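Visitor: I am new to this structure. Could you take me to the space enclosed inside it, and show me how the parts around that space fit together?

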Number of protein chains: 2
Amino acid sequence: MSLIVTKFGGTSLCDLERVQAAAQKVVACRQEGHEVIVVVSAMAGETDKLEDLGYSISTRPDPREMDVLLASGEQVSVALIAMAIQDLGVPAMSYLGNQVPVYTNECHQRARITEVGREELRHSIDQGAIPVVAGFQGVAPTGEITTIGRGGSDTTAVAIAVAMDALECRIYTDVDGVYTADPRIVEQARRMDRVTFEEMLELAALGAKVLHLKSVEYARRYSIPLKVFSSFIDGPGTLIVEEGESMEQPEVSAITFDKNEAKVTVTNVPDIPGIAYQLLGPVGDANISVDMIVQNVSRDERTDLTFTVPRNDFEQSLEILRDQVIRLRREAENPTRYEMEVIGDDAIAKVTAVGLGMRSHAGIATKMFETLAQYGINIQMISTSEIKISVVIHEDFCELAVRMLHSAFDLGTD
Amino acid sequence: MSLIVTKFGGTSLCDLERVQAAAQKVVACRQEGHEVIVVVSAMAGETDKLEDLGYSISTRPDPREMDVLLASGEQVSVALIAMAIQDLGVPAMSYLGNQVPVYTNECHQRARITEVGREELRHSIDQGAIPVVAGFQGVAPTGEITTIGRGGSDTTAVAIAVAMDALECRIYTDVDGVYTADPRIVEQARRMDRVTFEEMLELAALGAKVLHLKSVEYARRYSIPLKVFSSFIDGPGTLIVEEGESMEQPEVSAITFDKNEAKVTVTNVPDIPGIAYQLLGPVGDANISVDMIVQNVSRDERTDLTFTVPRNDFEQSLEILRDQVIRLRREAENPTRYEMEVIGDDAIAKVTAVGLGMRSHAGIATKMFETLAQYGINIQMISTSEIKISVVIHEDFCELAVRMLHSAFDLGTD
């Protein structure tokens, strides 16, 4: 019999009616003749509430204890979903991370899943029950509770699908699929029937909050078909598949944006080996994740180094870099070579075109720049990968840029 | 070094200030030179909230899943208390039932603790940390989460004190000790410095909600001194000790009452062997706990059987008994012998005088009856044990009776 892993996110469990609706979907899936495993997140808002509680007790809460605290959210939802399934006359059993077990490394708050036990879940299914597994949480070799990072329940679902040789992994969320652009901004945005893992990886990384990045990577590595459905309205959803399976290969599949970044520039950087590391090292040491990094060719042995950081880390990044610039000058044999300046701007937006077809089509970048120029939108930074082009622009133009690009690449509904 | 187990109830953890205050008490205890283990309940109201959630999903929620659901309450509070202790500069580590482990049998919702692991807690203390243990929850041999019944955290604390050879077990609660009567009813009620386990067992069983009955039994069996303190105001508390240690042995130590019972009477019961079992058996089978049972000598081979049940179970008890009376008559060879009638009254109160000194002093009962008669209070039932006398009266006279008895036995402050 084919096994299907179904995952319900927090918004799909925002109240008791939603919990019951989720249970009905699970039971329907089983009545179609599938074996089913359910993976659930905490009820909507619960993880935030628990996190706030932790931070209200301690400004730097112990990661080990934060994991204990946060894991309680999924514990509540597995019990409720299991009860709701039982109430429909189908046996169900909840499993916490340590009961499956979902083994992880010991890195609290952002642990990595290392192995998923099959036996307990298999036994449960063979007994005729539907196992309901707590997402987001695992157990370290020490027996301690770990969590795998916010949004991690998607990854738990895929990891379980992999371990149990599932036919597919269904993610129920608050949108009915993956769109060509955010429908709140682009009226003509269209739900895609299919999207490749590669494209989805870029979309997830760029902040299209449908699926968690790690879960897409994981599903791609082990070739587990992922399906995204709405838990509110029935529909065909979006299937995330291997490249070969996707028939259409448009140049551009989707336009996304990210307004949660800020831009930091170090000007007048001496063009000597190791300088980028000397500047960016301390930023990384402070656990600030640097995204786009742009450095142009130097003139007069001088260049500018620009990068983006999460907007929350903007002030700290400026501070770290200014300290580092002072330190480098003080320690330099020739201080005049180190007259750098650190400037920043947090009123930016990153707009990105993603498309597998980009690889074989020239002129996508040109068309993108042309479109932006047409509306007088200045491009501050450019960064490209094989299947995406990102530009940084002033945040005021973000929505306009997304709409115009969506239209220029003809992504909308007819 | 001497080890002290300190337990904080839900009202001692009603908000973040209380959590921090509890952490301060723990750290102070350690600074006095003790090794400390903390046991905590869920924050005030949380267990009720979780229980309501469960019952809102399912009218008969699965006991296994209810345990998973309810155990999440203590999971939140151990993490918060551990963080709060850490914030005071002292290492702390939370432990869930399965991490200690607190082993129990498999009886969900009212499991019995069978063994407490020492190693993890010892290791944690030897590392300089304060272990913070989730009360109320345990783990069955199957690895499933169990809970040991509402109010069970006291028992967890005592079980851990026993396993770890603790010097004493301190229970922090919302009252500053055990009183000679409920201070809300008797203005002159006096906090007792000491009370014996035997007396405390009667007081706990009678609904003086300071300590959970099981925890007192457990502490007595293993001779662990129990101390009750208020977590709101500093004070000497009440020490619960072995009989020998108590210097004063007043005839009566305390007057308690219970308004949560109802009275059921079967009249005209034929005086034949086994009839009490035939009548009360089905009540017990329905998991209704029968408290006082009174049957007087028979007249004309007829007697009346009266007993009390929790007021919540009153209607069901009447129903069960009426069915049973009909069944007995139908099945009887001589039906006329089985013309019984079932009547009930739920407007009753049980008032009890407890005192170790009762054993060696005659006349306590007489004084009690005399006092009640003096105020025209009719006694409906009487039941005695070695160290207590309970009477059932109309509930309207409950407070008056408690006050008058408290005064008659001279229990008040001078």
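Guide: The structure holds two cavities of 30 Å³ or more. A cavity here is a set of points, on a 1 Å grid over the protein atoms alone, where a 1.4 Å probe fits but cannot get out. Grid points are joined across faces, edges and corners, and a volume is the space filled by probe spheres set on the points. Before we go in, please note that this is a predicted model, where local features need pLDDT of at least 70, side-chain atom pairs count only at pLDDT 80 or more, and totals for chains, interfaces and linings use all residues. Residues are numbered from 1 along each chain as its sequence is written, chains are lettered from A in the order in which they are written, and side-chain values use heavy atoms, without hydrogens and water.

The largest cavity contains about 150 Å³ of space. Its lining (residues with an atom within 4 Å of a point) is made of 17 residues, and those nearest the centre are A:Leu96, A:Asn98, A:Ile145, B:Leu96 and B:Asn98. Strand E7 (137-139) of chain A and strand E7 (137-139) of chain B each supply at least two lining residues; strands are DSSP runs of E with at least two residues, numbered from the N terminus. By class, the lining has five nonpolar, 12 polar and no charged residues, where Ala, Val, Leu, Ile, Met, Phe, Trp, Tyr, Cys and Pro count as nonpolar, Asp, Glu, Lys and Arg as charged, and the others, Gly among them, as polar.

Now to the two chains themselves. Chain A can be laid on chain B with an RMSD of 0.2 Å by a turn of 179° and a shift of 0.1 Å along the axis, superposed by least squares on the C-alpha atoms of residues with pLDDT of at least 70 in both. The two copies are thus related as by a two-fold rotation axis. In chain A, the residue closest to that axis is A:Ser72, with its C-alpha at 2.7 Å.

Where they meet, 39 residues of chain A are in contact (heavy atoms within 4.5 Å) with 39 residues of chain B. Because 100% of the interface residues of chain A are also interface residues in chain B, the copies meet through the same surface. About 3,000 Å² is buried between the chains, 60% of it from carbon and sulfur atoms; this is the accessible area (1.4 Å probe) lost by two parts on being put together, summed over both.

Key
On a 1 Å grid over the protein atoms alone, a cavity is a set of points where a 1.4 Å probe fits but cannot get out, and a pocket is an open set with protein on both sides within 12 Å along at least five of seven lines; lining residues have an atom within 4 Å of a point. Helices (H or I, at least four residues) and strands (E, at least two) are DSSP runs, numbered from the N terminus.
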